[in-house]
Structures are given as C-alpha cells and as structure tokens.
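Below are some numbered remarks to read alongside the model.

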Amino acid sequence: MAVMAALARVAHPLSSPTFITLALDRTYKYSGRTHKQLFHAWNILQHKSKTQNPFPSQILTVSKSAMATRDSLPVKTAQQMAMDGDQPPPNYIFSNTTKSNYTKFGPLETSPPFASVPIVDISCFFSTSKQDDQETELAKLRSALSTWGCFQAVNHGLPYSYLDNVRQVIKQFFELPLEEKRKYFRETGSVEGYGNDMTYSENQAQDWCDRLFLRILPEDQRKLRFWPKIPSNLRETINDYTNKIKSISVVIFEAMAKSLGLEKSSFSKYFMEERDILQGRFILYPPCPTPDQVFGLKAHSDRSGITLLLQDPGVEGLQVLNDGKWYMVPVIHDAIFVNLGDQMQILSNGIFKSPVHRVVTNKEKGRISVAMFTEPEPNKEISPVDVLVDEKRPKVYKTVKNYAVFNHECFQKGMVALDAVKL
C-alpha cells in the first residue's frame, strides 16, 4: 500500500477525466521507491480494476532515468555468439519459466501457416485519374487494416534494384569487424546506436539480433556519433530512402483517412509535419543454433503510426498474430510490408488494428530487415478522431502523449501497452 500511495502522490489531476500522459522527460524521487516498484503497483491496480482506471483523472509520469537502471551493454552481441558457435545464454531462452510474461502470446512456432496478408496497389493513391481503381484499393486497404492490421504495398514507385541496394548497404555495415561497429555502440540507458535493445528488468527475454537504431527526423535531432561512416554511402543511402519513405507514408496516411470517409489530412497531420519523428531500425538476425527456443524479436505491437518494412528476400521470419493464431508473413520481393502501430489504432478508435508480431530465427541463414517508424512529435496529443466516436462506437482509448517510449518498455516486459490506455 505504501508503494501505491507513493504512486498516487506523484499523480497530478487534470481537467479531462480521460487524459493520460506517458512523459519520460522528467525525473522524480518517489520517496525512495524505485521505478520498478511503482510500475508494479500500477500493474496491480490496473489488474484489480480492468474496466476502470484506478486514477481516472490523474497523470502517470515515469522517470526516464529510473527506467534504465538495469540496462547494460552485452558482453557478446548475438552476431558474435553466432560467429563463435556459442549456444544462446539462458536469458535468451523462451522456455525459461522466468519469462512467463511472454507465454501469453502462445508457443514459439517456427513454421506456422503463411498469412493471407492483403496486397494493396498503392499507385492509384498517387493519382486522381484512377478513380475506379482507387475506390477498389481503398476498400481493400480498409479491410486489410481492420482485420490483419497490415498489408503488402506494391507499385509504390521504388524499383526492386533500389530496395535491394538499401538492404545491401545495411548488410555491409553488419559485415564490418566488431572493432569498427563498436564505435557506434549505444550508450547505457539509451536506445540509439548499435548493439542490443535496452534491458528494463532482470527477467527480460533477450532477442537474438543486433540492430542499429537511429532517429532520422527531425534532422536537428540526429546524433551523428551513432551514424556509421562505413560503408561510405550509408548516410547518403539512409537520407535518400528516408525522403522516399516519407512521401509514401503521406500517401498511405491520406488513403487510410479516405477509406474511413475522413478529411485526407485527418491522420497525416499527426505524423508528417516538420517536427514529427521518423526512426530507423536496421536489424541483423544471425543464424541461431536453437531456433525452437529463441526469438529474433519477441512479440509486440509497434509504437508508431505506421511501420514500413523491407524484408530479407532470402528467408522468412516475420510472424503476425491474427484471431489468436500465428502466421508467417510471406516475402514479396518488390513489396514494402506496412503494419499499423498503436497510435493509429488509438486515432481510429479501434477500427484499425495494430497487430502483435514477432520474428523467429533460422538455424542456417541470417536475415536483414530495414524498418522505418513514423511517430508524432512527443508533445502531440493522440486520441480517437472525433467523428469516429458516437453512441454506437464510444471512445475506446484515453488521450496520450509521449506514447512511443512507454510502448517500447512494455514490449521489453512482455506487456501490451494499448491495454494500459483503454478506457
């Protein structure tokens, strides 16, 4: 009870009973209580009151510095262990009983059935001259996002040779000697840079992957010390690809709005303005000797508005959860896989789905992926669009701010962030 009282003391009443901000840019002292204890107390309260927020008119503020108290850099990266022939350590093994938080997403399946993820021709969204085709694809888009929460975007204007070059440049970085890559190691308590993901708790299941995580937009927020100088064309390649992905993202956001009968800027204004964020996550999943026990990336939903993903054309690994069953996402060589993020599920008042997904490993082959995440500027308020709320479909989610970092911590802890912001 003392911990819950401490949590109540750092909560502040707001005028709106449905407003919750997930701010991680300020540090508080919780009367000697750790962030872990406070977060645990909040979880208990949420569990005891599933239909009502125990602090419906208050603000939950989490300390960024406290979040990282258990973080550390790896002794060996997953790629190093794969190259040295090491067996995955216990903290990578999914079957470990201490990782029980993750079992709610079902068993690890390396060969589930393939997903019938819809293929959407987005070329008609670029042109007003293809009105009949546009109506057909808009209906397909709405169906895809309200059922699967994802689709394969084709005819997006980027040639296969261009997409393959982007992948090859990222692959060349991961092929560099470790001494070179170490120059870009992320710092303890920070996600940006090369290495592993942040560690939030001692029971956290680790992912069998190495990644380079970069904030790309706004440009003045780039931390260039984490941007590799080798390959020499990496920075130029990321810049050019970013510009193209941003243009495609605008078109997709506008198409999503049209598919629901909204003004075309209803969604794009939250993610595509000058101070909004675009993050890049460039990932290597090395071969793993025990793919039936280790995840490349554990189950989660994305923090973004939308995520645009280039899959490795040589090997599958991405899986999506649909109606309680896991499916493998097929690789379409010239497609960009687009999945919805949590913040679009909130904006659409739950009409569109943010799919839970994960990545499995492969015993023989490594895998490269290139993921781009569109996110709002942290101070923007995200809540269901007014016209999507009525008596038949009441408001499902609270208003949130700075949701992205909160989602990332929930992902690492095996929690579902959207559940915490439901009304």
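1. K398 sits in the loop between β12 (367-375) and α11 (403-413), where helices (H or I, at least four residues) and strands (E, at least two) are DSSP runs numbered from the N terminus. This is a predicted model, in which local features need pLDDT of at least 70 and side-chain atom pairs count only at pLDDT 80 or more, while totals for chains, interfaces and linings use all residues. Residues are numbered from 1 along each chain as its sequence is written, and side-chain values use heavy atoms, with hydrogens and water left out.

2. K398 is buried yet lacks a salt bridge, and D419, the nearest side chain of opposite charge, is 10 Å away. Buried means under 20% relative accessible area, exposed over 50% and partly exposed in between (1.4 Å probe, protein chains only); a salt bridge is a side-chain nitrogen of Lys or Arg within 4 Å of a carboxyl oxygen of Asp or Glu. A polar atom of the K398 side chain does, however, lie 2.6 Å from the backbone oxygen of K422.

3. In helix α6, the residues Y162, L163, V166, R167, V169, I170, F173 and F174 are buried. They cover an arc of only 155 degrees around the axis, which puts them on the same side of α6; the arc is that of the directions from the helix axis to the C-beta atoms.

4. R167 forms a salt bridge with D164, the closest N and O atoms being 3.9 Å apart, and both residues lie in helix α6, 3 residues apart, about one turn of the helix. R167 is buried at a relative accessible area of 5%, whereas D164 is partly exposed at 24%.

5. The structure holds 10 aromatic pairs, counted when rings of Phe, Tyr and Trp (its six-membered ring) have centres within 6.5 Å, with planes under 30 degrees apart taken as stacked, over 60 as edge-to-face and the rest as tilted. The rings of F253 and F271 have centres 4.8 Å apart and planes at 5 degrees, so this pair is stacked. Because F253 lies in helix α8 (residues 234-259) and F271 in helix α9 (residues 265-271), the pair ties together parts 18 residues apart in sequence.

6. Among the 14 salt bridges found in the whole structure, R303 pairs with E375, the closest N and O atoms being 2.8 Å apart. This pair links distant parts of the chain, 72 residues apart, with R303 in the loop between β6 (295-300) and β7 (306-310) and E375 in strand β12.

Key
Lys and Arg count as positive and Asp and Glu as negative; His and the chain ends are not counted. A polar contact is a pair of N or O atoms within 3.5 Å; within protein, one must be able to donate a hydrogen and the other to accept it, and residues adjacent in sequence count only if both atoms are side-chain atoms.
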